[in-house]
Amino acid sequence: MAMTLAEKILARKALKKEVAPGELVTVAVDHTMTYDLFCPSVVEAFKEMGFKQVWNPNKIAIIFDHLVPAKNAKEVEHFKVSLAFARAQGITKVHQHDGICHQLLFEKGYSRPGDVILGTDSHTVTTGGVGAFATGIGYTEMASIWGTGEIWLKVPETLRFEIEGELAPGVSAKDLILKIIGDIGHAGATYKAMEFGGTLIGRLSVAQRLTIANMSVEAGAKAGLMAPDEKVLEHYRELGITDFPMLRPDPDAAYRSVSRYDASKLVPMVSCSPAVDNVMPLFEVAGEEVRKAFLGSCTNGRLEDIEMAASLVRGKKIHPKVEMIVTPASRTIYQQAIQSGAVAALVEAGAYVTVPACGLCSGINGGVVADGDTIISSNNRNFLGRMGGPTARVILASPASVAVSALAGKVVDPREYL
Amino acid sequence: MAMTLSEKVLARAAGKDEVTPGEIVQTEIDWIMTNDATTHVSIDIFEQKLLKQEIKHPERVIWVVDHNIPAESVETANVHRKQRIFAGKHGFNSHVGEGICHQLLVEKYVLPGQVVIGADSHTCSHGALGAFATGVGSTDLVGAIREGSLWFMVPATLKFHLTGKLREGVTTKDLILTIIGDISANGANYRAMEFSGPAVSTLSFESRLALCNLVVEAGGKNAIMEADEKVVGYLRRNRPQGATGVVLQGDQGAAYEKFFHYDLSQIAPVVACPHAVDNVSPIIAVEGREIDQVFVGSCSNGRIEDLRILGRILKGNRVHSRVRLAVSPASTRVFLQALEEGLISTFLEAGAMVLNPNCSTCWGGCQAVVGDGERLLSTGTRNFKGRSGSALAEVFLGSVYSAGAAALAGKIVNPINYLGL
Amino acid sequence: MENNLTGNAWKFGNNIDTDIIMPSQYLSWPLEESYRLAFEPLRKGFADLVTPGDVIVAGSNFGSGSSREQAAQAIFRMGIRAVIANSYARIFYRNALNIGLYAIECPEAEAIIEEGNRVKIDLDRGVLLNLSTAREASFGPFPQNLRKIMEAGGLVEYMKKRNHQEAR
């Protein structure tokens with residue numbers, strides 16, 4: 001039977017010839033990820049369940065990113081409990097301040113094409129951009145995976161998105177995924193997988209694909225997947241990882257629906273508080289005053305995002321009324337952005353750079369927004385109270401839109417600055 | 001009558017021929033600094049207690065957001081907003097996220113001979129420029145903001161005569177900690193601490209700032225040093241108009257309350273042990289204690305000179321696996337200089353966390369703090385219980401050499417031996 | 001497994017996200033403190049109003065957003081035994097069932113239940129009964145594997161039992 005990409009991965013991991021949507025399958029998990037904030041809760045549940053040893057210490061990553069750099073002693077306790085457990089269990093994939101979990105899953109090769117990846121974070125869907133079936137769970141369930149190495153999953157129906165054409169200059173993958181979320185709504189893909197294909201995807205960098213997959217959860221998706229190609233292979237080859245299958249969806253696979261997009265028609269988009277599906281073309285909020293600008297997160301804190309912003313602000317000054325915060329998604333990205341001159345350009349323009357971590361996107365630190373203020377931000381959520389007070393307004397946008405709006409002190413269209 | 005340097009600066013600002021210790025003088029204030037830790041308190045006093053809410057010299061007021069940036073809570077964000085609206089309404093000089101207030105004042109504002117107050121105790125740093133600079137509380141600050149002037153009691157001066165030369169691996173941090181250990185945390189209460197002598201010319205301008213920065217930890221009202229060609233040279237290079245202020249000297253035969261003599265060649269690495277800055281001990285007495293976090297930064301030791309030393313120590317090495325090393329350049333300018341020199345890359349390569357320019361671990365309210373039972377070696381200013389996070393943590397203060405060596409060793413070590421200096 | 005749950009209804013709208021249920025700021029707090037602040041951006045002090053056994057009735061996409069299990073835990077801790085919604089974000093759904101909080105999918109519930117109504121949930125028959133108005137709606141049964149987890153009292157208890165049996 002013809003299968004979608006999600007079905008193929010799940011069938012393979014469930015050791016079945018084929019699976020169909022709605023079927024419950026128990027699958028072997030390839031890798032898990034837990035971070036500082038929830039790790040102590042996983043550890044507690046793991047012990048309470050009566051487990052003594054994790055099923056495989058090499059398949060567990062523990063990443064500190066939400067609480068880095070810790071703002072109080074309580075947060076440091078999360079580090080201590082996590083480190084003690086990792087030490088006792090022989091878990092070595094521990095990253096104390098190397099960057100955001102989803103970026104590291106990709107960067108370090110912990111998540112590979114064709115893998116089933118579970119993380120205690122909704123944006124675990126990110127590495128669907130390289131063709132992994134990656135999804136988020138709660139900490140109790142993670143404890144049971146740590147103990148057993150497996151999980152039950154309901155095979156999701158798949159929504160297919162065919163994107164043809166090319167993005168215009170100043171328009172990015174972020175604008176595309178915002179557009180899609182706006183079209184299908186915050187629950188448009190609940191319980192379902194989103195699969196992205198078409199000629200645009202092959203043209204996009206892997207970083208931009210990760211951006212698209214990352215935000216699929218904002219439409220409720222269980223996973224957002226793309227078939228891996230040569231660009232993806234190249235990344236893993238550099239890491240010395242070649243032992244994974246290059247799965248592709250069957251041409252005649254059964255989709256719940258197929259939506260078609262012409263990338264060349266896309267314009268810069270924004271999503272305004274209080275919901276991610278409150279999407280509109282940027283021009284509808286053009287001119288609105290912004291007080292903060294945030295460039296970072298697992299959505300858009302990668303090298304090309306930072307370089308895009310740097311190219312727009314180089315030699316200019318951030319508007320004096322705007323506080324611009326740049327938080328690279330990983331230590332490696334920070335180093336690369338220094339090498340490329342992007343960090344110098346941004347800081348000379350008036351931005352400041354914080355420790356690679358979740359930063360403001362977590363709402364726990366990193367530049368929380370005041371009530372009554374508006375931020376333009378490259379991250380993924382704009383819920384009430386997520387990144388600031390209940391009346392803080394969050395406008396989600398592409399890195400280019402964030403950068404030019406920071407210069408202008410108000411929302412402006414990046415295409416006017418190219 | 002012969003006057004000390006502090007007396008001369010105050011006399012000039014008060015428009016008097018002379019002043020004597022104990023005298024109360026009203027002086028114009030050249031710079032009034034207020035930061036995000038307390039500006040909202042001053043705003044409340046200003047708006048609730050003053051009948052006439054006008055500000056004579058808003059151009060003299062400098063508002064800096066450096067303690068809690070990036071904002072770590074909604075409360076902080078709302079406080080910043082309140083301050084921003086007030087600063088904007090009155091036309092203050094505003095600096096958000098550009099670095100630590102005391103460093104920004106050095107880079108952009110303070111000149112020799114000026115009188116500076118700040119709603120922050122480490123305002124005494126600017127004595128290194130030959131200015132009279134001291135910390136005040138919120139009510140004093142409101143008065144100064146309102147009038148552009150303030151009363152001071154002229155302090156008696158303690159003179160520290162410095163001879164000899166610091167050996168490699170020993171810094172003015174070791175010197176000032178040694179002094180504080182000797183005279184105790186209230187040994188200079190209400191007093192000016194004046195540093196002079198042939199050794200001064202051997203000290204870089206930046207290391208003098210570090211020296212003056214900590215006098216408040218001995219209770220000093222202000223620190224002061226004559227501005228020499230190193231200071232003037234710094235100003236020529238860094239100020240757009242090349243302004244160098246009014247360089248004053250203390251008079252021969254001025255009356256000092258007390259003299260102290262320090263031979264810098266005899267200074268060895270020391271640390272201030274928990275939980276008081278005057279609990280100073282030679283570093284060899286505490287060698288071997290395991291360290292969980294090291295902090296390099298603050299208004300005390302976050303300047304380019306400090307980062308260069310740290311860079312030399314870290315280059316080609318990895319931070320010990322047990323240690324979180326947090327580095328926070330004191331300002332955007334320091335960050336950019338360090339970036340250009342490859343230091344930021346060196347820190348990242350070695351496994352350090354590079355924080356945005358701010359008070360960070362030394363303030364303990366926003367980022368990179370320590371937990372229960374942890375031990376921190378910090379180049380910051382204070383080691384009080386709970387200062388850098390948990391009240392159950394231990395904070396040791398030391399030089400950037402001691403900090404860098406501990407970051408590699410995972411424990412307190414004598415940097416001179418450990419680094420082979 | 002309990003067969004019936006009865007409690008008073010609290011009504012919420014569509015798309016109640018996890019940042020509303022448990023704001024990020026409180027995630028590192030112990031649940032014993034943080035649960036009192038649940039729903040703060042929308043309904044400050046909600047936990048104080050709840051009587052043990054109450055139920056939440058909501059619209060679509062309840063629990064959308066992050067994977068934070070504290071969202072489900074806080075609701076459970078304040079005494080809510082079941083959430084009845086048009087639909088759920090999938091991670092919240094799993095989290096709820098894993099800790100023993102009934103997450104019932106019933107699109108008709110919103111229309112037949114008003115805030116303060118007394119509601120009876122018949123888990124065996126899959127029937128919601130509004131005791132205040134005598135109106136009824138039905139919902140689909142839980143899949144077998146989930147029933148096992150719920151019967152055990154949640155995933156922790158389920159695994160505990162399993163590990164205990166394996167040890168024997």
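1. Among what covers the buried residues of α3(A) are α2 (39-48), β3 (60-63) and β4 (93-95) of chain A. Helices (H or I, at least four residues) and strands (E, at least two) are DSSP runs numbered from the N terminus. The buried residues of α3(A) are A:A73, A:E75, A:V76, A:H78, A:F79, A:S82, A:F85 and A:A86, where buried means that 20 or more other C-beta atoms, placed from the backbone, lie within 10 Å of the residue's own.

2. This is a predicted model, in which local features need pLDDT of at least 70 and side-chain atom pairs count only at pLDDT 80 or more, while totals for chains, interfaces and linings use all residues. Residues are numbered from 1 along each chain as its sequence is written, and chains are lettered from A and ligands numbered from 1 in the order in which they are written.

3. Helix α3 of chain A (residues 73-89) has 17 residues and should span 24 Å at 1.5 Å a residue, which agrees with the 25 Å between its end C-alpha atoms; the expected span is 1.5 Å times one less than the number of residues. Just after α3(A), A:G90 takes a positive phi of about 70°.

4. In chain B, 36 residues are in contact with 36 residues of chain A, contact meaning C-beta atoms, placed from the backbone, within 7 Å. To the side of chain B that touches chain A, α3(B) gives the most, with six residues.

5. In chain C, 33 residues are in contact with 40 residues of chain A. The elements giving two or more residues to that side of chain C are α1 (18-21), α5 (90-99) and α8 (155-167).

Methods. Two residues are in contact if their C-beta atoms, placed from the backbone, lie within 7 Å. A residue is buried if 20 or more other C-beta atoms lie within 10 Å of its own, exposed if 12 or fewer, and partly exposed in between; C-beta atoms are placed from the backbone.
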